[in-house]
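Please review the model shown below together with this briefing. The points are grouped by topic.

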Amino acid sequence: MDFYVRVFVRIYTSAGAMKNTPLKLSYVYQCTGCDSFHLQPLGRTVSKNTSVRYLPGFGPIVPQECTDCGKKYNMGGPIWSAPIHDQDWVTSILSDVKSMKARYPAFDRISAVLTTISEELPDVPLFVSLHNLCATLKCTSPSAVVFRSAVINAGYRISGTHVNPLGLKSDALMEVIWDIMRCWVS
Ligand SMILES: [Zn+2]
């Protein structure tokens, strides 16, 4: 933590493995008015019996103007939109660290980060910030607990993110997030 990043790379050279790459990448459209974002996968697959075909992703995923506020989108990416953590590995490292607590001077911080990651939605690449949502609406913020309950009651999943203490990952569509915020404001 804090000192360096160590990167271990495994290179796949088979044509089959290469075909999976576009499935893990997405363009991002982010609204210039309300910061809503939408992911546009580069590729998709179609399965038929035992064969899998690799095709370009369907698009566009957003209209010219944001459906939530009417402003234009900025485009970014491609970003990595597949899971960024191996959850089994994170869980096993966390239990290793806990079993050798004395060996880690930064134990509290390391275990906090690993715990957050282990509880993070693995299949949601980006997160919203309650702070930013409220800045857009110029309203006071609901507590994270209230907001989380609203998302869960609407039938979606939600978690924190190790990237930002105020960040929340969810599989709810942006329009659901905005509906919840409308209810809060009104
Ligand atoms: Zn917008």
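Glutamate 120 lies in the loop that runs between helix H3 (107-118) and strand S6 (128-129); helices (H or I, at least four residues) and strands (E, at least two) are DSSP runs numbered from the N terminus. The model is predicted, local features need pLDDT of at least 70, and side-chain atom pairs count only at pLDDT 80 or more, whereas totals for chains, interfaces and linings use all residues. Residues are numbered from 1 along each chain as its sequence is written, and side-chain values use heavy atoms, with hydrogens and water left out.

**Glutamate 120**

- Glutamate 120 counts as buried because its relative accessibility is 4%; buried means under 20% relative accessible area, exposed over 50%, and partly exposed in between (1.4 Å probe, protein chains only).
- The side chain of glutamate 120 makes a polar contact of 3.0 Å with the side chain of histidine 162 and another of 2.9 Å with the side chain of lysine 169.
- A polar contact is a pair of N or O atoms within 3.5 Å; within protein, one must be able to donate a hydrogen and the other to accept it, and residues adjacent in sequence count only if both atoms are side-chain atoms.
- Apart from neighbours within four places in sequence, glutamate 120 is in contact (heavy atoms within 4.5 Å) with His85, Gln87, Ser159, Gly160, Thr161, His162 and Lys169.

**Lysine 169**

- Lysine 169 lies in strand S8 and is buried, with a relative accessible area of 3%.
- The side chain of lysine 169 reaches the backbone oxygen of leucine 121 at 3.4 Å, and a polar atom of this side chain lies 2.8 Å from the backbone oxygen of valine 124.
- Not counting residues up to four places away in sequence, the residues that lysine 169 touches include Glu120, Pro125, Phe127, Arg157 and Ile158.

**Helix H4**

- Leu130, Leu133 and Cys134 are buried in helix H4 (residues 130-137).
- These residues lie on the same side of H4, because they cover an arc of only 95° around the axis; the arc is that of the directions from the helix axis to the C-beta atoms.
- The cover over the buried residues of H4 includes S6, helix H5 (144-153), strand S8 (164-170) and helix H6 (174-185).

**Aspartate 179**

- Aspartate 179 has its place in helix H6 and counts as partly exposed, at 42% relative accessibility.
- The side chains of aspartate 179 and arginine 182 are joined by a polar contact of 2.5 Å.
- Aspartate 179 is 168 residues from isoleucine 11 in sequence, and the two are 44 Å apart in space, C-alpha to C-alpha.

**Zinc site**

- Cys31 (SG), Cys34 (SG), Cys66 (SG) and Cys69 (SG) are the protein donors of the zinc ion, at 2.3 to 2.4 Å from it.
- Donors are N, O and S atoms within 2.8 Å of the metal (3.2 Å for Na, K and Ca); water is not among the atoms, so sites may look incomplete.
- The arrangement is tetrahedral because the 4 donor atoms around the zinc ion subtend angles of 95 to 115°; four donors count as tetrahedral if all angles lie between 85 and 135 degrees.
- Along the chain, the zinc donors follow the spacing C-x2-C-x31-C-x2-C.
- Cysteine 31 counts as buried at 2% relative accessibility, and cysteine 34 is buried with a relative accessible area of 5%.

**Domains**

- The domain assignment gives domain 1 (21-82), domain 2 (87-118) and domain 3 (123-186); such bounds come from an automatic or database domain assignment.
- The C-alpha centres of domain 1 and domain 2 are 34 Å apart.

Note on methods: Tetrahedral: all angles 85-135°; square planar, octahedral: opposite > 155°, others 65-115°.
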